[in-house]
Amino acid sequence: LVAVVERWNPYAWVRQDLFGFADLLAIRGNETLAVQTTSGNNVAARLDKIRATHAAALWLEAPTRKIVVHGWRKNRSARPTQKMAMPGNRPGGVSNPRPLT
């Protein structure tokens, strides 16, 4: 089950993420995944932003909640490729996520 949780703020002309870091929310069994999507070149910047967000630290306090940064880019064959990274429960930690299928 996946839902878009990013919203457009017409007064400020900006997109606002849920809790300042989530574009999508996915639920499978007892696992809840907050997903931040971005261009492939901005994955590192998004990870830094999430690590600096107090709400993300609170989100990760529960063992069943995870955060994934999903970066997209086009390669030379014009097929989209993806790169995923997940901030760990410790500051600066990154681990490979298990994709939701």
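Which residue takes a positive phi near 60° in the hairpin of S4 and S5?

**Figure 1. The hairpin of S4 and S5 in a predicted model.** Gly-29 takes the positive phi near 60°, in a hairpin with 2 residues between the strands. Strands S4 and S5 run antiparallel and are paired over 5 bridges; two strands count as paired if DSSP finds at least two bridges between them. Across this pairing, Ile-27 stands opposite Thr-32 in S5. Strands (E, at least two residues) and helices (H or I, at least four) are DSSP runs, numbered from the N terminus. Residues are numbered from 1 along each chain as its sequence is written. In this predicted model, local features need pLDDT of at least 70 and side-chain atom pairs count only at pLDDT 80 or more, whereas totals for chains, interfaces and linings use all residues, and side-chain values use heavy atoms, with hydrogens and water left out.

**Figure 2. The pairing of strand S1 with S4.** Strand S1 covers residues 2–4 and is antiparallel to S4, to which 3 bridges join it. Val-2 has Ala-26 in S4 as its bridge partner.

**Figure 3. The salt bridge between Glu-31 and Lys-66.** The structure holds 4 salt bridges, each defined as a side-chain nitrogen of Lys or Arg within 4 Å of a carboxyl oxygen of Asp or Glu. The side chains of Glu-31 and Lys-66 form one of them, at 3.5 Å from N to O. This pair links distant parts of the chain, with Glu-31 in strand S5 (residues 31–39) and Lys-66 in strand S6 (residues 65–74), 35 residues apart. Glu-31 counts as buried because its relative accessibility is 9%, and Lys-66 counts as partly exposed because its relative accessibility is 29%. Buried denotes under 20% relative accessible area, exposed over 50%, and partly exposed in between (1.4 Å probe, protein chains only).

Figure 4. Asp-17 belongs to the loop between strand S3 (14–16) and strand S4 (24–28), while Lys-49 belongs to helix H1 (residues 43–51), so that the pair links distant parts of the chain, 32 residues apart. Lys-49 is partly exposed, at 38% relative accessibility. A further salt bridge joins the side chains of Asp-48 and Arg-51 at 3.6 Å, N to O. Asp-48 is partly exposed at 48% relative accessibility, as is Arg-51, with a relative accessible area of 32%.

**Figure 5. The largest nonpolar core.** This core has 12 residues in all, among them Phe-21, Ala-34, Leu-47, Trp-59 and Ile-67. H1, helix H2 (54–59) and S6 each supply at least two residues of the core, and H1 gives the most, with 3 residues. A nonpolar core is a set of buried Ala, Val, Leu, Ile, Met, Phe, Trp, Tyr and Cys residues joined through side-chain atoms within 4.5 Å. Beyond its neighbours within four places in sequence, Ala-34 is in contact (heavy atoms within 4.5 Å) with residues including Phe-21, Leu-25, Trp-59 and Val-68.
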